[in-house]
Amino acid sequence: MTTTNKPQLARPDLHTGSRQLNAYLREHTGDDVALLGAVVLMSVGKVEPVTHAELRNWFTELELDPAYLPNEPRAVDAYERATGSARTKYPLGLNPHTGRKKQTHEKTGQTVTLMMRHVVRDETRVVRHLVRELADHADEALSYEVKLAEAEFEREIGPTIPIGSGEMTLTTVDEEIGRLDPTERITITELIAQMRKDYEHHCRYIPSSRVSKMLRDYLERRCAGIRLQNGVYFVPRQHGQALSALRELAGRCGAQLNRIPLPDTAEQRAMVGDAFNAKCGADLDSLARDIAREQAGGAAAYRVAKLHKRFLEVKREAEEYQANLGAELGDTAARLDLINTQMAHLFASVGGADDDEL
């Protein structure tokens, strides 16, 4: 007797407070269950500190496609993040012994805001100043004091030096800081120390925004994921193994990818089909508008090449959706043919690709 091995998802990732949902999850993970795929819930909050080397090793261990590995952290980005988040606000007139506000009403008191102000950005350096803003609520006046510190990023430039390399220097204006009361001096010193700490952290570790993008790109492009709504995707059963590896990677980074098995029924196929057609339709609408704009304004070869790349990506997604679910594209196929014709005219206007390339 011949047995057909169907790609299956692992045991449920979720255990909820609902008996009905838990029963559903158990019921739809057996080897004899025909699955359409899985609904994937992605959650990325404050991720664990992960270096680029650690992430690269995990990609190799889990046999994930290294094309989706984020780039190494850049010093200039670390500078931007560390100084960009340096801000604090407090009422003036704190008792240095108790830390309590002497004023009883903010409307008649004064508030100090410490924040970074952009000064210079050129090919050799970036400079930001830490300033002290004083707001007097009695007459609604604002006054900027002289700078309390300067954060300068000096770029390293050279043919063999990676773009974004350099070093941050933090210089305090001790004379101005010394004029303030002890409580303010402590606050300012702590803020500057935090900037240094944040800079070193961001130079070493992958930020959560890039971890989120890495997981999202892998789901959508490598696992043929269809976004149902923000943070919720459908992944076809053919990509179950890759999804399991990606879930393990997400867990090591401190993120979550929880899979809910989706049975192969007409209702579920309709739900996935509606989501795909909505996304594909929006992509094609955007592409059609940009093509029309290019035709009206005079086509440029480099912009046409970018439009062609976008078209090929939408076409690839449609073909993969059709192959994975055995579904008909219907109106989407007709719209792809129309866009393909428009792209051919654009290429002809700039002396570009032959029809065979489209």
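How many residues does helix 6 have, and how far does helix 6 reach from its first C-alpha to its last? Helix 6 has 15 residues and spans 20 Å, close to the 21 Å expected at 1.5 Å a residue (the expected span being 1.5 Å times one less than the number of residues). Helices (H or I, at least four residues) and strands (E, at least two) are DSSP runs, numbered from the N terminus. The model is a predicted one, with local features needing pLDDT of at least 70 and side-chain atom pairs counting only at pLDDT 80 or more, while totals for chains, interfaces and linings use all residues. Residues are numbered from 1 along each chain as its sequence is written, and side-chain values use heavy atoms, with hydrogens and water left out.

Taken as a whole, the chain has 10 helices and 10 strands. Of its 358 residues, 41% are buried (under 20% relative accessible area, with exposed over 50% and partly exposed in between, using a 1.4 Å probe and protein chains only). Looking at contacts (heavy atoms within 4.5 Å) between residues at least 6 apart in sequence, 66% join residues at least 24 apart.

Back to helix 6. Its buried residues are Arg 210, Val 211, Ser 212, Met 214, Leu 215, Asp 217, Tyr 218 and Leu 219. Their cover includes strand 1, helix 2, helix 3 (75-84), strand 9, helix 7 and strand 10 (256-263).

Helices 6 and 7 pack at about 175 degrees, with axes 11 Å apart (axes are lines fitted to C-alpha atoms, for helices over the stretch in contact, and angles run from 0 to 180 degrees between N-to-C directions). Helix 6 is therefore roughly antiparallel to helix 7, a label for angles over 145 degrees. On the helix 6 side, Val 211, Met 214, Leu 215, Tyr 218 and Leu 219 meet Leu 243, Leu 246, Leu 249, Ala 250 and Cys 253 of helix 7.

Terms used: Parallel < 35°, antiparallel > 145°, perpendicular 65-115°, else oblique.
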